[in-house]
Amino acid sequence: MKRVSLIVREMSILVPLVLYITAPISCAQQDQTNSSRRVIDVKGGPESVVWVVQLSDLHFSVHHPDRALDFRNLIGPALSMINPSLVLITGDLTDGKSKDLLTMKQNEDEWVEYKNVLDDVVKMSGLNKSIFYDLRGNHDNFGVPLVGGSFDFYSKYSINGQLGRNGRVNSVTLQIGERKHLFVGLDSTMSVGLRGPTNLFGHPTEQLLTEIDAELSQWNFESYKSISKISFGHFPLSFSASSQSGKSLKDVFLKQSLSAYLCGHLHTRFGKNLKRHHRLSHHFLSFQKFFQFNIHQIPSESHQNCSFGAPVIKEFWEWEMGDWRKSRAMRILAIDRGHVSFVDIDFKSGAKKTIILPTFPLDSRFMSTSSSNHDYECEYMLPTSYETVRVLVFSVSPIVSVVARIFDSRPGHFDIVMEAPMSKHEDSASRGDLYTVPWNYKAFEDPSADRFWLQIEATDIMGRTTLTELRPFSVNGLGARIAWTWKEFFVMGCQWAALYYPILWSLLFVPLLLLLIPKALLLFSRKQYTFKNFIAEKDFINAIVWLLQELCRVPMLWFGFFGYLFHLILFPWLVGKVYTESEDRGYMTYVGWVVKSSRGWEKHDYIGSPDIIVIVLPHLLFVVLPALLVTAALIAEKGAYRHHFLSCSAKKEDDYDSQNEGSIRCDYKSSKRSKFHFRERWIWKVLLVLCLAICWRHFKNCIALMKAYEMNPLHFPGYSLGIPLLLFYAIYNTQRA
C-alpha cells in the first residue's frame, strides 16, 4: 500500500514536469504545421522594449498618384530611421474608386502600383520583407466574388499574398528575453465582396472568431511569463457585425485579456480622438449593447478588490489611427515591460528628422487601464518598471541631449516641478535609442489623473530641437476623462450593426402610424380635427392630427404612401451588378443582397447586412418621412387657404368653388391682417421648394446608385420613381386652391 502511494506521489510530480518539458516541443511542432504562426527572436537592445509601425488606409489610386509617390519618398526613409520589429498595414491598400467616386470595384493598375511601391519601400528601409503584414480592407474587397479568384488582386499583389499568408488570421510573436509580445492580425471582410457603398462593415464568422481565440491563446500555457497581446485589423468594433450566434470580436478580446486592438477604416475626418476603452462589466446595462457615451467605459465598482482569488479585470483599448490617404499619418507603438504606448506622426508637412515616443509614464487619456490602477493600489506591479522615465528617440542625426520635464497644473497654470537630463541606454547591438532618467515616482501619486504633465525635448548634433506635446500621466494608473465630439461618438460610440434593425423598424413604423392613426380617428372618432379647431385651441397635437387627416382625405396620396411603404418591406429595392466584372445581377432588400455565387449554381441569400444601412436609412429618414410630412402640409395648406377665403369673403363653399383666381386675390387684398399670410400663398411656395429639395436629394442618390451598380431607372422603378410621383401629384392637386 505504501509502495502504491509512493508511485502515485512520484507520478504527481513527474506528469506536470513532462507536460512542462513537452509543451514547447508540441508548440514548435504546431508552428511547423500552421504557417499562420511565427516567432521572431528580437536581437539587440534595449531588452525591455519592442516597437512596431502601423500604417492604414493608403488608398493608392490611379486618380491620385501623389499618395503612392509620397508613401515611397517618406515611409522608406522613416522606416530606416525607426527600425521597427514589425510593420502593420491595416487595410484599404488601394482605393478601387472611379474619378467621380461613385463606381467602386477592383482596378489591377492600382494593385501593380501598390506592389512596386512596397517593394521600393522595403529596399529603402533595409528591413526584411517578412516583417511587413498588410491586411485586406473593404476597398480591397470591392466586387471580389471569390477569395483566390481572378479579381482577388490582394492575394496576388499584397505582401501577405506573396508570402503565402492566405489565411484570414495570422500571428507573429516578438520574443525578447523572457518576454513575449503576440500580434494577431485578422481579416473580417466579406467572404463575398460586394461593390460599394454596401461593403462597409466587418463580418467575423464563427470560424474566424474561433481562429482568433486560438491564436491569442497560443502562449497561455506559459502564464508564468510576461505576455502582451495586440490584435490588428481594418474595421473598428463599432463597424463590425456579430456572428450568427451573437458572438463578437469584443467578446474574444475581453476573454483573452488583450492589451490593444489596432484598426483603421474611419480616417481622421471624424476626429482625432477615435479611441475607445472596453471593459467587461458584470452589471451590463441593455443600452451598452448599442452605445458607449465616453471614451472610457466607467467601471461599476469604485473600490479595488485586492483579496486573493479576486476576479481579473477584463479590458482592452481600441485605437483607430489616421489615414495615409489625406492625413499622411503613421503610428509607432511600443511595449515597454508590459506598458503599451504610441505616438502618431503627421507627414503632411514633410519628412521628420526626429521622432520621440515616451514609453513610461503612459498618457492617462488614452493608455491608462483599470488593471494598472488595480495593480498599483494593490502593490502587484513590478517596482523596477516605475523607477525611471523612459523614451525612445529616433533621429537621422546623432542626438546630443534629451531632457524630461514634468509640469504641475494644480495652480491653474503649468509649473515645472522636475527637469532632468536623460541618459542613453548603452548596448553593444542596439536596435534603437532608449533614454532614461531616475525619478521618485511616489512623489507624483495623485487622485487626479491629469494633474501632472510630461514633455520631452531632444536636440540633435545639428542644433535642431524637437518637443513632444504635453501629455498627462498618472503613476497610479488613473484614466483622465476626455469626451468625444458628436462626430467621434457617432462613429466610435454607436454600435451600428446592433442599431440597424431598431432604427429601421422605427423609421418604417413611424410613417405607417402617421398614416393609420389619423385615418382611424377620421373614421371612428367624433372629435373633428380641423383648421378651425386648430385656430381656436392652438394645440400642437391638434395641428399634427389636422395635417395628417387632411392627407387622409385625398385617397390617391394616402394609399400611395401606404403602398410605397409596403413595397419597401415586401419587394426588392434595387437590381444591380455587385461584382467587378459580371453580367449577373443581384437584388437588394432591406435585409441584404441576394446574389448568385461566382460558380453560378448557388445563391448567397441576404449578404451585406448591415452594410445596406448606407442606402436604407438615409432614404427613409431624408426622403420618405419628409415627403410624407410635406405632402400632408401641402394638402392642409390648401384646406386652410379655402377656409380663410370663405371666412374673409363670407361666401359659402359652393360659392368658393365658382370663384376665379382674380376675385380671390381681390378679396384677399382687403384682408391684410391674416395671421398665416395666405395672400399670395407663400406657405405653398415654401412647401414647393421643400418638395423640389427632397426630389433633388433623391435623384442625386439614384444617380449615385445607378453608377455604383450599373443600373437604369427600370432596374428600380419603385424606389426611384415612387416618391417623386407622389410629390408631383400633391403639387398638382394643390396648385389651384
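In which loop is the place of Leu-101?

**View 1. Leu-101 in its loop.** Leu-101 sits in the loop between β3 (87–89) and α3 (108–125). Helices (H or I, at least four residues) and strands (E, at least two) are DSSP runs, numbered from the N terminus. This is a predicted model, where local features need pLDDT of at least 70, side-chain atom pairs count only at pLDDT 80 or more, and totals for chains, interfaces and linings use all residues. Residues are numbered from 1 along each chain as its sequence is written, and side-chain values use heavy atoms, leaving out hydrogens and water. The phi of Leu-101 is near 70 degrees, positive in a residue other than glycine. Most residues other than glycine have a negative phi. Leu-101 has 41% relative accessibility, so it counts as partly exposed (buried is under 20% relative accessible area, exposed over 50%, partly exposed in between; 1.4 Å probe, protein chains only).

**View 2. Ser-257 and its positive phi.** Ser-257 is not a glycine, yet its phi is positive, about 55 degrees. The loop between α7 (249–255) and β8 (260–263) holds Ser-257. With a relative accessibility of 35%, Ser-257 is partly exposed.

View 3. Most peptide bonds are trans. The bond from Gly-45 to Pro-46 is cis, with omega near -5 degrees. Pro-46 lies in the loop that runs between β1 (37–41) and β2 (49–55). Another cis bond joins Phe-360 and Pro-361, with omega about 0 degrees. Pro-361 belongs to the loop between β13 and α8 (370–377).

**View 4. The open sheet of β13, β14, β18 and β17.** Here 4 strands form an open sheet, in the order β13-β14-β18-β17, with antiparallel pairing. Two strands pair if DSSP finds at least two bridges between them. Which strands stand at the edges? They are β13 (354–360) and β17 (423–424). Each has a single partner strand, so one side of each has no neighbour in the sheet. β13 and β14 (residues 388–395) run antiparallel and are joined by 6 bridges. Look for Ile-355: its bridge partner in β14 is Phe-394.

**View 5. Strand β15 and its two partners.** Strand β15 spans residues 399–408. Of its 10 residues, 8 are buried, so the strand is mostly covered, given the limit of under 20% relative accessible area. β15 runs antiparallel to β19 (residues 452–460), and 9 bridges join the two. Arg-405 faces Gln-455 of β19 across this pairing. β15 also pairs with β16 (residues 415–421), again in the antiparallel sense, over 6 bridges. In β16, Ile-416 stands opposite Phe-407. How many residues lie between β15 and β16 in their hairpin? There are 6. Gly-412 is in the turn, with a positive phi of about 105 degrees. Strands of a sheet pair through backbone hydrogen bonds, either parallel or antiparallel.

**View 6. Aromatic pairs.** The whole structure holds 39 aromatic pairs. Rings of Phe, Tyr and Trp (its six-membered ring) pair if their centres lie within 6.5 Å; planes under 30 degrees apart count as stacked, over 60 as edge-to-face and the rest as tilted. The ring centres of Trp-319 and Phe-342 are 4.7 Å apart and the planes lie at 55 degrees, so this pair is tilted. It links distant parts of the chain, 23 residues apart: Trp-319 is in β10 (residues 315–320) and Phe-342 in β12 (residues 339–346). In another pair, the rings of Phe-452 and Phe-473 have centres 6.2 Å apart and planes at 25 degrees, so they are stacked. Phe-452 is in β19 and Phe-473 in β21 (residues 471–473), distant parts of the chain 21 residues apart. Phe-452 and Phe-473 are both buried.

**View 7. One aromatic cluster.** Which residues form this cluster? They are Phe-60, Phe-71, Trp-111, Tyr-114, Tyr-154, Trp-324 and Phe-347.
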